[in-house]
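Please look at the structure shown here with its charged side chains in mind. The report that follows describes how some of them pair up.

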Amino acid sequence: ANFQFDTWEKQILMASSSYLWDYIRKTGAAGVFIPLSGGQDSGLTALFGYYMCMRLFTYYKEGAADVTRHLRRVIGIPDFDPKSPSEIAHHLLVTAYMGTAESSADSRKRATDLAKFINTDHYEIDMDTISQEIKSLITQIFKIDLKFQAYGGTMMTDIALQCITARLRMVMSYLLAQMASLNKKKTSYYLVLSCTNLDETVTGYFAKYGASSGDLNLMGTLSKEE
């Protein structure tokens, strides 16, 4: 037979998007929430979600009755008639950039540009106020002024601050996923996607219960190079 296999990149896209839609459909979720950092991992995770929307739109235009039925049920609009993949993405994908004073303008711009490109329901959150409350509490308990090394702190205070931010982002991710559902008048919840690649998992280069936490991780078996 005259045939050829898809490239490994295409196979990953197909498998990840199929898995994601199947999980959304079977769990009764309203879609997925993705914490966009402006980096490669979260950016690719968001593009996996958008590719899913592209495939859903293709099936819809081809008249696939089962896909149309499930899509309308998940989105919650009985006569939903999308005109583009981005219209589907705005319903199924919620993203947020959770920045701090240490976050770069470039990372914020990358996150914002990507969210606009795929038309997610996007939010920008300032995490400094929450972090400051945690730091003040630690000062009250241990009389320690938490500072990054660059500002006179130590390696231990540096790691502590990084973990505080990562874990607060995890808490905010789940909260935003729930509140976005209410804000969009959905009757279900949004699944939280974590964005930790295989290299980080194998080496332990992540904060426990931080960005590595989520309901699903589409990046979990991919190395940074991949």
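Arg25 and Asp22 both belong to helix α1, which covers residues 8–27, and they stand three residues apart, about one turn of the helix; helices here are DSSP runs of H or I with at least four residues, numbered from the N terminus. The model is a predicted one, in which local features need pLDDT of at least 70 and side-chain atom pairs count only at pLDDT 80 or more, while totals for chains, interfaces and linings use all residues. Residues are numbered from 1 along each chain as its sequence is written, and side-chain values use heavy atoms, with hydrogens and water left out.

A salt bridge is counted where a side-chain nitrogen of Lys or Arg lies within 4 Å of a carboxyl oxygen of Asp or Glu, and by this rule the count comes to eight salt bridges. The table lists some of them, including two that involve Asp22.

| Salt bridge | N to O distance |
|---|---|
| Arg25 and Asp22 | 2.5 Å |
| Asp22 and Lys26 | 3.2 Å |
| Lys147 and Asp145 | 3.7 Å |

Asp22 and Lys26 are four residues apart in helix α1, so about one helical turn separates them. Together, Asp22, Arg25 and Lys26 are linked in a network of salt bridges.

Conventions:
Helix = DSSP H or I, 4+ residues; strand = E, 2+ residues; numbered from the N terminus.
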